[in-house]
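Biologist: I have a chain to go through with you. Shall we take it feature by feature?

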Amino acid sequence: MKRVFPIIIVLISLSLIGIILIQINWFKNQLLIQQERFIDRVDKAGLDVAEDLSKHVMSGGMKFGARRPGFQLLPNDLSFSISRMPTISDRYTIGDIQSKLVKAFNKEGLENLRFEFAVTSNSDDFVLEMQSEHFDKESADTTHFRRRVIPIIPESGSNFDGLLANEHLFIIIPDFKSQVWQSLTWMIVFSVLFTVIIIAAFYITVRTMLNQKKMSEIKSDFINNMTHEFKTPLATISLAVDALKNDKVINDKAKWQYFNNIIKDENKRMNKHVETILQAALMEKQEFRLNLVPVHIHEILAQIADNYQLQLQEKNGKIELLLNAANDTVTVDEVHFTNILSNLIDNAIKYSKENLVVKLVTHRTAKHFIIQVQDNGIGMSKETVKRIFEKFYRAHTGNIHNVKGFGLGMSYVKSVIDAHKGKIRVESTLGKGSIFTIEVPLNLAEA
């Protein structure tokens, strides 16, 4: 599992990167395709408008002079003249052409297109005949706009077809790429949403795999710890039973009682482990109930301190009681509350070196009773502080394996404090010690 897991993560990561690269390439291709379609639609709309304008270009193009009465085959006074050809500006206003262009663009699906236009006279040098308001300004920006030049060709068969230069319709699309991107808005939104869904699925998959890996490791650690915790007392009991069979022990009442007490103590130890596991299961199912009664916290702390005197002597340690609360009566579950205080003091002793000092401090506020368990032990890293209340989590102590347990103690402490609607905080510095602060509400019985 340890070897396969990184390979799976790498494969999923590569797949995600591949999908993102495909998406980026798809965006680029879509942009190019959309730009071509955009220009085609603009050209088609422009041609439709140019064709419409060209229908009336040549109307009124010829005028004849007056003729005197009388019949002559070739009258000398016959006169005719060609009047000035009517231009687009003679027949249409800027608003008329603007309206025609908007209508043509809407027909091609370019409803929100921003554009400027101009019409040049029928000469070879593109003299501006009429133009929209911002045509000059937009035509100066040669970097971001697209220009389309469409000739306005007179209808075939008109009087002067082919005799005169054509007028031209200039169409400028400012911020061309920006407008193309805007036309792809919904496509981009759906693509981004699709990518986000893929990334979210990737994240959930990896997180699930990490959790599964973590649970697998926790399971293995728990089984190993449980095996060790049960194997040790069983081995001790087995040795004590063998000793009781010895004739010398049977005849020596004192030795017989000694080994008998060992069996009882180890049996209690095993029962305590079983009880711890059962309590953890009840906590997880939230099936345990609190038996709330008024208790004296100072008496509990003094009793626990006496119970740990032997362990303290082994590490040349001591417990200092700084009981500052004037009134130490609090409504709690006596059994569970005694257990969590005992767990905190037990951890302070186990995770410490020589010359240990454990301080038990109490004080009372208007709404809470506060208990602090302070020690000058080995302390904890920031990572350990964050995870200290996780079930089955055990702080690493390097190569030291003298600290035993299932990793359920601190999880049990947190669950009991939560059940009492209280709070627990941890402050710790690696190598200097830790401070556990418990706040229990005074009005828990009413709550």
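Modeller: Accessible areas here come from the Shrake-Rupley method with a 1.4 Å probe. On that basis the accessible surface of the chain comes to about 28000 Å². Carbon and sulfur atoms hold 55% of this surface. Keep in mind that this is a predicted model.

Biologist: How many helices and strands does the chain have?

Modeller: Helices and strands are DSSP runs, numbered from the N terminus. The chain has 13 helices and 13 strands.

Biologist: What share of the residues is buried?

Modeller: Buried means under 20% relative accessible area. The chain has 447 residues, and the buried share of them is 36%.

Biologist: Among contacts between residues at least 6 apart in sequence, what share joins residues at least 24 apart?

Modeller: A contact needs heavy atoms within 4.5 Å. Of the contacts between residues at least 6 apart, the share joining residues at least 24 apart is 71%.

Biologist: Which residues form a nonpolar patch on the surface?

Modeller: One of the members is I17, placed in helix 1 (residues 4-54). I17 counts as partly exposed, because its relative accessibility is 48%. Together the patch has about 660 Å² of accessible area. Its residues are I7, V10, L11, L14, I17, L21 and I24.

Biologist: Which kind of aromatic pair do F105 and F115 form?

Modeller: The count comes to 2 aromatic pairs. In the pair of F105 and F115, the centres are 4.9 Å apart and the planes make 65 degrees. Planes over 60 degrees apart count as edge-to-face. The F105 and F115 pair is therefore edge-to-face.

Biologist: Where do F105 and F115 sit, and how many residues apart are they?

Modeller: This pair links distant parts of the chain. F105 is in helix 3 (residues 94-107), and F115 is in the loop between helix 3 and strand 3 (116-120). They are 10 residues apart.

Biologist: Is F105 buried or exposed?

Modeller: The cut-off for buried is under 20% relative accessible area. F105 has 1% relative accessibility, so F105 is buried.

Biologist: Why is the pair of Y258 and F259 edge-to-face?

Modeller: The ring centres of Y258 and F259 lie 5.3 Å apart. Y258 is exposed at 52% relative accessible area, while F259 is partly exposed at 22%. The pair is edge-to-face because its planes stand at 70 degrees.

Biologist: What distance separates the C-alpha atoms of S238 and I263?

Modeller: S238 lies in helix 6 (residues 185-244). S238 is partly exposed, with a relative accessible area of 39%. S238 and I263 are 25 residues apart along the chain, and their C-alpha atoms are separated by 8.6 Å.

Biologist: Why is strand 9 largely enclosed by the rest of the structure?

Modeller: Strand 9 covers residues 329-333. It is largely enclosed because the buried residues number 4 of the 5.

Biologist: In which sense do strand 7 and strand 9 pair?

Modeller: Strand 7 (residues 292-296) meets strand 9 over 5 bridges. In one of the bridges, H296 has T329 of strand 9 as its partner. The sense of the pairing is antiparallel.

Biologist: Which loop holds N316?

Modeller: N316 is not a glycine, yet its phi is positive, about 55 degrees. Its loop is the one between helix 10 (309-314) and strand 8 (318-323).

Biologist: Is K421 buried or exposed?

Modeller: K421 lies in the loop between helix 13 (409-419) and strand 12 (423-429). It has a positive phi of about 55 degrees although it is not a glycine. At 55% relative accessibility, K421 counts as exposed.

Biologist: How many salt bridges does the count come to?

Modeller: Side chains of opposite charge can pair when their charged atoms come close. One of the salt bridges joins E320 and K318, at 3.4 Å from N to O. E320 is partly exposed at 26%, and K318 is partly exposed at 45%. The count comes to 8.

Biologist: What separation along helix 11 do D346 and K350 have?

Modeller: D346 and K350 form a salt bridge, with the closest N and O atoms 3.5 Å apart. They are 4 residues apart in helix 11 (residues 334-350), so their separation is about one helical turn.

Biologist: How far apart are the closest N and O atoms of K414 and D418?

Modeller: K414 and D418 are 4 residues apart in helix 13, so about one helical turn separates them. K414 is partly exposed at 27%, and D418 is partly exposed at 41%. In their salt bridge, the closest N and O atoms are apart by 3.0 Å.

Methods: Residues numbered from 1 in each chain as written. Predicted model: local features only at pLDDT ≥ 70, side-chain atom pairs only at ≥ 80, totals over all residues. Heavy atoms only, no water. Phe/Tyr/Trp six-rings, centres within 6.5 Å; stacked < 30°, edge-to-face > 60°. Helix = DSSP H or I, 4+ residues; strand = E, 2+ residues; numbered from the N terminus. Buried < 20%, exposed > 50% of the residue type's maximum accessible area, 1.4 Å probe, protein only. Patch = residues over 30% accessible without salt bridge, like charges linked within 9 Å, V, L, I, M, F, W, Y side chains within 5 Å. Salt bridge = Lys/Arg side-chain N within 4 Å of Asp/Glu carboxyl O. Pairing = 2+ DSSP bridges.
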